[in-house]
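Me: I'd like to go through the aromatic side chains in this one. Can you take my questions as they come?

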Amino acid sequence: MAKPFVHLHVHTKYSMLDGACHVKDLCRRAKELGMPALAMTDHGVMYGMVEFIKCCKEFDIKPIIGCEMYINGKGSRFDRNKDSPYQHLILLAETDEGYKNLARLNTIAHMEGFYYKPRIDKEVLRKHSKGLIALSACLAGEVNELLSEGKIDEAEKVAGEYVDIFGKNNFFLEMQDHGIPEQREMNKNLRVLMQRTGLRTVITNDVHYLYESHAEAHEVMLCIQTSTTMSDPKRMKYYGTQFYFKSREELEKVFPDDEACFDLTVEIAERCHASIEMNKIHFPSFALPEGFTSDKDYLIHLGLKGLARNYGFDPKNPETDFQRDLMKRFDYEIGVIEKTGFINYFLVVQDFVNYSLEHGIPVGPGRGSGAGSLLAYSLNITRIDPIRFDLIFERFLNPERVSMPDFDIDFCQTRREKTIQYVKE
């Protein structure tokens, strides 16, 4: 039986026009090779994560959430000049907190550091390093680049920075061999660095396509990315045909004396247990005003004010049968909304509808099943009296409904951008 091994440096089709691995095929191949886990480390993006996690579960493989980040290791993510270089760094989410930090770093890279590539720097990395495992990446990694140039002392200093950021048990050197001469020089110096620092090393293959036979198709993809042709001798191309999803046996032929480095990939995979809840709605939290600690209490408070305004009575002291029936309907709707978990949803929707009304942005009276809600009428979400028109609340929401309800609301075509901006903020 083959010894286990886990690929920790893998690019899928989500590394746009650079990775050629379709996610399902990748997971199927990992399963065929008996790999217990698999990492996804696309260039500067994480938007393939959901498909990746689902496919891994389908093939009973542990998913490891990661990203190959672009880092301005020598400067700031805010630098905007041609002399502002970037290096590569593999980050893997070890814990749920690590996943959140990885997502945060990825967002910062796009929102603050984007200059040709989405970049971070060591300042922001220090703030959001908890729960992450880092690998020194490929030849373009900061440590490995120095090693390939024979600058072992400088590489040791930089490696020390990353150890300081992540901790010695969370930063690992990465050794690859795709037949590139500079890579072999790097590996020779990397072994010296290992002896000097005691840092542990993993064997990886910089996977960009699934099989060796896909190398030429990958070259065509790179031509599309760089707007060149296969006949151009100066085109961007990868050295050789070794950037594919290799088995441990294939890699052992290149690294015959590094069993511990192979085994370490499995150890790291076992440590990574970040999880993402699937099929759950992650709705924004409504910020309660001062004096309220419960979203239900605040929703009731707003609803009762609306009842008093719309029907002209004190909801705390209903005097007629009609008023008492209104309160029964109101309490029933509150109960269903609480049971189905949509209190926060009502608070958020009433907030941006009332914002629009207060800022002179015309809002439609409401349409669809949402108009059957007495609470929605009381909150100004709709302005159609469901009692007068004998509308049914259960068409909109009931305890058996599994999908999220939605209000159909029309906003003025010429001014709704202001509402959309408010919702974004």
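Me: Phenylalanine 346 and phenylalanine 407: buried or exposed?

Reply: Phenylalanine 346 is buried, and phenylalanine 407 is too. Buried means under 20% relative accessible area, exposed over 50%, and partly exposed in between, with a 1.4 Å probe and protein chains only. This is a predicted model, where local features need pLDDT of at least 70, side-chain atom pairs count only at pLDDT 80 or more, and totals for chains, interfaces and linings use all residues. Side-chain values use heavy atoms, with hydrogens and water left out.

Me: How many aromatic pairs are there?

Reply: The count is 20 aromatic pairs. Rings of Phe, Tyr and Trp (its six-membered ring) pair if their centres lie within 6.5 Å; planes under 30 degrees apart are stacked, over 60 edge-to-face, and the rest tilted.

Me: What kind of pair do tyrosine 311 and phenylalanine 322 make?

Reply: Their ring centres are 6.1 Å apart and the planes are at 65°, so the pair is edge-to-face. Tyrosine 311 counts as buried at 17% relative accessibility, and phenylalanine 322 as partly exposed at 43%.

Me: Back to phenylalanine 346 and phenylalanine 407. What is the geometry there?

Reply: The centres of those two rings are 5.3 Å apart with planes at 85°, so this pair is edge-to-face. Both residues belong to one aromatic cluster, which also has Tyr332, Phe342, Tyr345, Phe393 and Phe396.

Me: New topic: which ring does the charged end of lysine 122 sit over?

Reply: The ring of tyrosine 162, with the charged end 5.0 Å from the ring centre. The rule asks for NZ of Lys or CZ of Arg within 6 Å of the ring centre and within 35 degrees of the ring normal.

How values were computed
Residues are numbered from 1 along each chain as its sequence is written.
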